[in-house]
Amino acid sequence: MKHTIRQVFHSGKFVFGFSIFVAVLLIVIVYPLIITDPPLGIISQGTFFEPGIYVNVYDSIGSERYILNLDDATANRIAGRLGDKERLDMKEWLLAYGIPESEIDIADTEQLLGLWENHYDPKSPIAGMTNAQRNYYIRLDASLGGLLSTEGAIIAVNNPDTGTLEEKKVVGQSDYVNVGQVANVRVLPLGTDNFGRDVLTELVKAAGVSLQIGLVAGIIATLIGLTLGLLAGYVGGLVDDVIMFLTNLFTVIPGFVLLILISYSIGQERRGAATVAAVIGFTSWIWTTRAVRAQVISLRSRDHVNLSKLSGHSIAYIIFADILPYIASYVVMALILQISTAIIAEASLSILGLGPRTSEVPTLGLMLNWAFIYQAHILGKWWAYLPVLVTIALITFSMNLMNTGLDQVFNPALRE
Amino acid sequence: MKGYRRYFLNKLGWFLVTFVCGFILNFTLPRLMPGDPVAAIVARMAQGMSDATGVQAIYEQYTELFGTNRPMLEQFFIYVRNVLRGDFGFSFSMYPRTVADVLKSAIGWTMALQFPAIIVGWLIGNTLGALAAYVKGGFDKVLMPISIFVSNFPAFGMAVFLLVIFGVGLEWFPTSGGYGYDMIPNFSWGFIWSVIVHYQLPFWSIVVIAIGGQAIGMRSMAIYELNADYVKYARFMGIKDRKIIGYVFRNAMLPQITGLALAIGTMVGGALFVEIVFSYPGLGYTLLNGVMGQDYPLISASTLIITVMVLSANFIIEILYGVIDPRIKAAQAD
Amino acid sequence: MSKVMLEVKDLTTKYITRFQEDIYAVDHVSLEVEEGKSLGIAGESGCGKSTLALSLMGYYFPPLHYTSGEIIIDGRNITGMDPDDVRKSILGTEISYIPQSAMNALNPTQKIIHFIEDVIQAHEPSQTKEEIHELARGCFESLGLPASVLQQYPVELSGGMKQRTVIATSVILSPKVLIADEPSSALDVTSQKMVIKMLKNLMEKGFIKSLIFITHELPLLYNVTDDIMVMYAGQIVEKGTAKEVVFDPLHPYAKGLMGSIIVAEEGLREHKLTAIPGVPPNLKDPPSGCRFAERCGYARPECQVLPVGLRDLERGRAFRCLHLEKELRDAYRREGELNAR
């Protein structure tokens, strides 16, 4: 046994897959201990916030100010509001207005702004402009206000007594705050989803739930497969015929169809995570049964089994003592395979809308479901679904890698 | 041909048995669940209504329509009779369209997409796997990890991947639908071209997934066969390698065909998800709409049709195998 | 002096393992087979007899590599020949090989006749299908196989039938030398006899000019081959006529082989049943001395260390053993002393 374990950990594939899997597990377990926010808590008003570091503006006003004189500060500021696209748009407007092209240099900010200020008129009739475009230019014009000024911004507070605005503070253009000193800063590495939830926290929780579902379903499926396989292989005869018939039947009748039918029929209310896991487990034991049965059949004519039979041991004893140890390796591999299949099955069900109830826990599939329903993939909000897909891929990939590694250890013929 | 008869009848019998079982399962499973399906449906349908008697009337109407007030066995025979007539009832979510009507076009789209895609993917995958086994070296070392990765990627994942890269990112292909939004199905070139363009992404998604799965299997089979005794013996007898390769691939292909028959269920499942991701107007999309709209008759009929499709495909492949593998004919002849 | 069909001079071939180690599976082997004669090669599993057979064919596929020595078939030196030439003009036509467990040597999805067509067309592309069919039918029938076999698939034939079919296909191009690698090991006794009879028939009917019969059962060779060669750990340890080796084995290993088998043959029944303890040495790191020493009952300390060469006696008799050398020297000396007296 120890030798086997040593061999297993020598297999490059297994170790690689195992490390990835353990890494995922660690993240799932440790992350919630550090970040204790509820995963389904809605934290943003509005959908699909991009990943980034969100700094509370109000708090940063009150934070300690530092003056930094950086050369490119002004250029960055201007570029932030007047990017290439905006410059081209302005040029377009000016051209349509009638300014000759030779006079327009979009690289010269001052000149461009000067031309714009002199000539821009929201009411002037430019041919072929739609209403939307007109509004766009109005907005553009408004955003350009004060672009070149070097004065700071004034923070004024409403005086409750007089009702007027009183100047409280001036925020200079070279004033910086240290993000670490701002009271409220929220890092959203994966932004928010369509509901306004922190995707990363949600993802970690969802991964955990999916793994649990996978585990439960995998164990159920493996147990069923093991039992049926043992019975069919060892007892043989009519029992074998019946079990083989069932197996063949359910091989051909698509498993996912049954999964869909059962999940649907159970109904939304009854579909908790555990129930879904059970359903998946009960519809995916086919492959394991077949594999176990094949192994048992080849084992039952071995000498040590015959010896046991001659010694008068009961069937139960023979199965547990003589056969199980030899198929242990297959069972382990089958379990891994079942878990990984179950995770994908749950994801598939959830995408269809037949997964676990949506209000209690997120699962990887549910996250995908929401992302698709809200068109994240079309809108380019990649953070709502891509990390989920990558997680699923990582989990299943690492498990299958482990399996391949194990396979090569147990089946020397497959070694390269 | 006489040798085939027994094999053919055997497979036909099996097809009928599995069909009957699938049919019965399709019928009974939903009805075994506790609760009254009609009540739930009516509850939702009548959400806007405040008139109690109105709700009651609808409930009674649907109960009559579905026969849920009759014993199970009687319901079954009514169902069978209806199915044979092609009557699957009315679709809830798309009332007054009938389920049959909704399915008719969906089936066409699905068949046109999935079966060519699966076959093409299977062919390419097997060829690549065989090449990797024979050529070895760099090609093999590159192909293997890619195949392992692709085959482990869930079907919808691959679909999303391609959609995002080619549809949204590069904008080479449209991202949804079977044809342009503004088009009405007709036989004009414009329409046909639109169909072809919309066909690309879903098609290639399914192909890529099929390739990944097949390549690995074929490579293993081919490696196994390449080391077989008859290969060595043929070499001893001076037969050219090229001819021997032909033997090997023919022999390695056979289990792959059987494998396809066994895997067709899973492949169709995956392909259905591809349809969903691309909002392609096939059975997958219909199923999704059915689930979202709690459209029980639609769901039931869709799953039945899918089951029939898979069973038929399985049957055809098994028959094909019997034709191709000369040992079957020989074994049956005596 | 009859023509020499196969002459092997000092052949050495090696396997290169994954870890770049050299294993000399065939170590300086020399042999000779004359026209109309047969040679038996005996030795336990892993002694190098199959590797020797592959090497004789000029059939080098990695990890098997040629190192040194010469192979001459009917006067034609095939050492270092271009592999494509070997395939076209040597394999199957000059020298042919029947593999171990020949039953699996046939392509399960190919009719026998189609395989034969492929074989013949690989060597003589100008032959028409009818000519090939004629040839095949004639060959099969004269070897006692019904022509109906040609139209069947391997799965329809019994084990013994398949064996004989493979033998027939191997000789269809009338090679000069036929190597049969354990042709009877996987069969029941009756089939064994049929196969051996068929092999001997081949030479009589003129399908082949010489035969090499490889087996691990030394006594089996007595009524089958003219000469016998015993191999151990890649080296020849004894050579001689069948009668000499079977009835008067010199090398302790050969003695052990003869003693460890129940034989019903006359004159051998007195031998006690003994097993040879131990296992063959690891060829990755062969001992510098005699390779059989650690299992040998006659071994002395120097046997494992001192290199021991193949000692030729007259008329093709040879052995490789220090102990025997000493004995023979003593015997000669005594004879000499006797003669001197």
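## Strand pairing in chain C

In this predicted model, strand β1 (residues 4–16) of chain C and strand β2 (residues 22–34) of chain C lie alongside one another in the antiparallel sense, and 8 bridges pair them.

## Overall form of chain A

Chain A contains 17 helices and 6 strands. The C-alpha trace of chain A, followed along its principal axes, spans about 105 × 55 × 50 Å. Its radius of gyration is 32 Å, whereas a compact globule of 416 residues would have a value near 22 Å.

## Two helices packed together

Within chain A, helix α10 (residues 255–266) packs against helix α11 (residues 273–283) at an angle of about 150°, and the axes of these two helices are 10 Å apart. Because angles over 145 degrees count as roughly antiparallel, this angle makes α10(A) roughly antiparallel to α11(A). The crossing in which α10(A) passes α11(A) is right-handed.

On the side of α10(A), the residues that take part are A:Gly255, A:Leu258, A:Leu259, A:Ile262, A:Ser263 and A:Ile266, and they meet A:Thr275, A:Val276, A:Val279, A:Ile280 and A:Thr283 in α11(A). Sorted by class, the residues of this contact comprise 7 nonpolar and 4 polar ones, with no charged residue.

## Where chain A touches chain B

The contact between these two chains takes 34 residues from chain A and 36 residues from chain B. On the side of chain A that touches chain B, at least two residues are supplied by each of α9 (237–252), α10, α14 (315–352), α16 (376–379) and α17 (386–410) of chain A. Helix α10(A) provides the largest share of this side, namely 10 residues, and α10(A) is also the helix that packs with α11(A).

Which classes of residue make up the side of chain A that touches chain B? This side has 24 nonpolar and 10 polar residues, while no charged residues are found there.

Methods:
Residues numbered from 1 in each chain as written. Chains lettered and ligands numbered in written order. Predicted model: local features only at pLDDT ≥ 70, side-chain atom pairs only at ≥ 80, totals over all residues. Axes fitted to C-alpha atoms, helices over the stretch in contact; angles between N-to-C directions. Helix = DSSP H or I, 4+ residues; strand = E, 2+ residues; numbered from the N terminus. Parallel < 35°, antiparallel > 145°, perpendicular 65-115°, else oblique. Left-handed = near helix turned anticlockwise from the far one by under 90°. Contact = placed C-beta atoms within 7 Å. Nonpolar A, V, L, I, M, F, W, Y, C, P; charged D, E, K, R; others polar. Pairing = 2+ DSSP bridges. Rg over C-alpha atoms; globule rule 2.2 N^0.38 Å.
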